[in-house]
Amino acid sequence: MTLLARLDRLPLSRPHYKLLLIGGLGYTFDGMDSAVVAFLLPSAKAAWGLDNGQLGLIGSATPFGFLFGAIAAGLLGDRIGRKKVMMYALAFYALFSVIASFSPNYEVFLGARVLAGAGAGAESAIIAPFLSEFVPAKRRGWFVGALAGFFSFGFVAAALIGRFVVPSFGEGWRVAQLVTALPIVMLLWWRRSLPESPRFLLAQGRVTEAETVVAKMERDVEKATRAALPPVPPADAQPATETPKVNLFSALKFLWSPAMRRRTAVIWVVWFVITFSYYGFFSWIPTLLVERGITVTKSFEFSIIIYLAQVPGYFSAAWLSERLDRKQTIALYLAGSAVSAFWLSQTSAPWSITLAGAVLSFFLNGTYAGVYSYTPEVFPTWIRASGTGLSSAFGRVGSILAPTIIGLSSASLGFAGVFGMTTAVLAAGVLCVLVFGLSTAGRSLEELTEHGAPKAVAKEMTK
């Protein structure tokens with residue numbers, strides 16, 4: 001544990017911010033890929049004569065792929081390493097984004113969107129647990145919240161693509177997907193720049209490699225700060241435990257064991273609530289605006305305003321995560337989302353829809369900043385990627401259901417009914433996290449997880 005104490009005592013400086021930028025750019029392109037679908041729906045509808053049910057399936061395609069990508073990334077991340085999964089996932093996502101752009105028909109397009117979503121989902125699920133393992137406890141809430149904030153830049157970029165690329169070409173919606181495949185060039189940078197997680201390396205018994213990574217971080221931090229490093233605090237003495245081999249069955253068995261099931265249940269519910277609400281809103285807002293009598297171009301302009309509200313939402317929650325407990329931040333932003341969704345359900349004028357939508361966007365994305373910080377903190381190192389991936393995957397069930405449910409029910413429930421339903425889902429999430437959530441602020445990953453997962457449980461996993 002001395003090695004991890006050396007890592008955790010390092011002040012945030014340029015090496016950490018470089019990791020933040022690398023991971024953040026990954027989230028930017030994940031967000032762009034997720035969000036751009038909303039701006040493709042009107043064009044796809046016109047190109048292939050699709051009905052709302054088929055449009056709902058397109059809206060659900062990316063999150064459906066996310067589900068399987070998140071599960072695979074978590075399991076592979078705990079077996080072969082976080083860095084490899086990030087790189088392979090990025091290449092997979094970019095490849096199928098290109099295939100989607102050249103789709104000759106609805107069926108090929110739908111399949112390519114599912115597979116592109118799998119790549120994006122794998123990358124999205126692995127980045128936060130990977131980088132959280134480099135950051136000291138006192139700054140982890142801000143760091144991972146800020147990391148998640150890069151999603152907002154992707155959504156804003158998608159809105160700009162929707163406004164300026166999609167309508168500017170004969171088949172601009174195809175060009176838009178080629179733009180979202182550009183992050184493939186980041187692979188070369190990532191391959192050289194990214195270290196593997198020392199916590200993962202230690203869990204695998206690769207002590208020499210972990211020592212190399214930590215020593216380089218120490219040198220880089222000392223060079224960046226031009227000051228002597230803080231003294232190494234005494235590490236808690238902890239008994240050595242075997243690292244179980246992780247597969248889907250063993251991961252689920254551990255996550256739902258008596259020692260972990262409360263944590264797992266809370267995390268899964270919060271992921272479902274926020275992802276259902278988020279994708280239900282952002283997948284359909286341009287189309288719903290058009291159905292309210294607003295032109296496609298104007299609806300995209302309104303969407304840019306709504307998407308810009310994501311930026312302060314993420315970063316305000318990242319700031320609050322270090323001043324409030326993580327679960328309190330999540331509950332606060334979920335409550336704000338519920339109030340905003342109710343407001344949206346009661347309004348009809350284009351300007352008031354845009355304003356209420358912007359406020360809802362602010363709070364929904366602030367919730368995500370808290371959730372991305374909170375999730376890796378509650379799982380032990382040996383299963384952190386799997387726990388995060390499975391939590392994210394369960395949330396994707398909500399993102400799969402939401403666009404289709406809204407597409408099929410908007411005719412009967414109407415605009416007000418759709419967002420009234422969203423309000424109820426968000427309110428349930430607030431109660432769950434306040435009553436059952438775990439306090440994590442200021443506590444090391446080992447304090448939160450290694451002590452909290454009894455040795456007997458880990459031994460049982462190796463049977």
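The structure is a predicted model, in which local features need pLDDT of at least 70, side-chain atom pairs count only at pLDDT 80 or more, and totals for chains, interfaces and linings use all residues. Residues are numbered from 1 along each chain as its sequence is written, and side-chain values use heavy atoms, with hydrogens and water left out.

I begin with the chain as a whole. It contains 19 helices and zero strands; these are DSSP runs numbered from the N terminus, helices being H or I of at least four residues and strands E of at least two. Of its 463 residues, 59% are buried. Here buried means under 20% relative accessible area, exposed means over 50%, and partly exposed lies in between, with a 1.4 Å probe and protein chains only. The chain exposes about 17100 Å², and carbon and sulfur atoms supply 67% of that area, as computed by the Shrake-Rupley method with a 1.4 Å probe. Among contacts with a separation of 6 or more, 86% join residues 24 or more positions apart; a contact means heavy atoms within 4.5 Å.

The largest nonpolar core has 125 residues, and Tyr-307 and Tyr-372 touch the most other members. Helix H2, residues 14-48, gives the largest share of this core, with 14 residues. Such a core is a set of buried Ala, Val, Leu, Ile, Met, Phe, Trp, Tyr and Cys residues joined through side-chain atoms within 4.5 Å. Not counting residues up to four places away in sequence, Tyr-372 touches Tyr-27, Ser-124, Ala-128, Val-144, Ala-148, Phe-151, Trp-271 and Arg-396.

H2 supplies the largest share of the lining, three residues. By class, the lining has eight nonpolar, two polar and two charged residues.

Thr-329 sits in helix H15, residues 326-345, and counts as buried because its relative accessibility is 0%. Leaving aside neighbours within four places in sequence, Thr-329 is in contact with Ala-317, Leu-320, Ser-321 and Leu-324. Ser-361 belongs to helix H16 and is buried, because its relative accessible area is 0%. Its C-alpha atom is separated by 8.8 Å from that of Ser-340, 21 residues apart along the chain.

Lys-45 lies in helix H2 and is partly exposed, because its relative accessible area is 34%. From C-alpha to C-alpha, Lys-45 and Tyr-106 are 9.5 Å apart, although 61 residues apart in sequence. Arg-226 lies in the loop between helix H10 (207-225) and helix H11 (248-255). With a relative accessible area of 79%, Arg-226 is exposed. Its phi is near 55°, a positive value in a residue other than glycine. Most residues other than glycine have a negative phi.

Notes:
Ala, Val, Leu, Ile, Met, Phe, Trp, Tyr, Cys and Pro count as nonpolar, Asp, Glu, Lys and Arg as charged, and the others, Gly among them, as polar.
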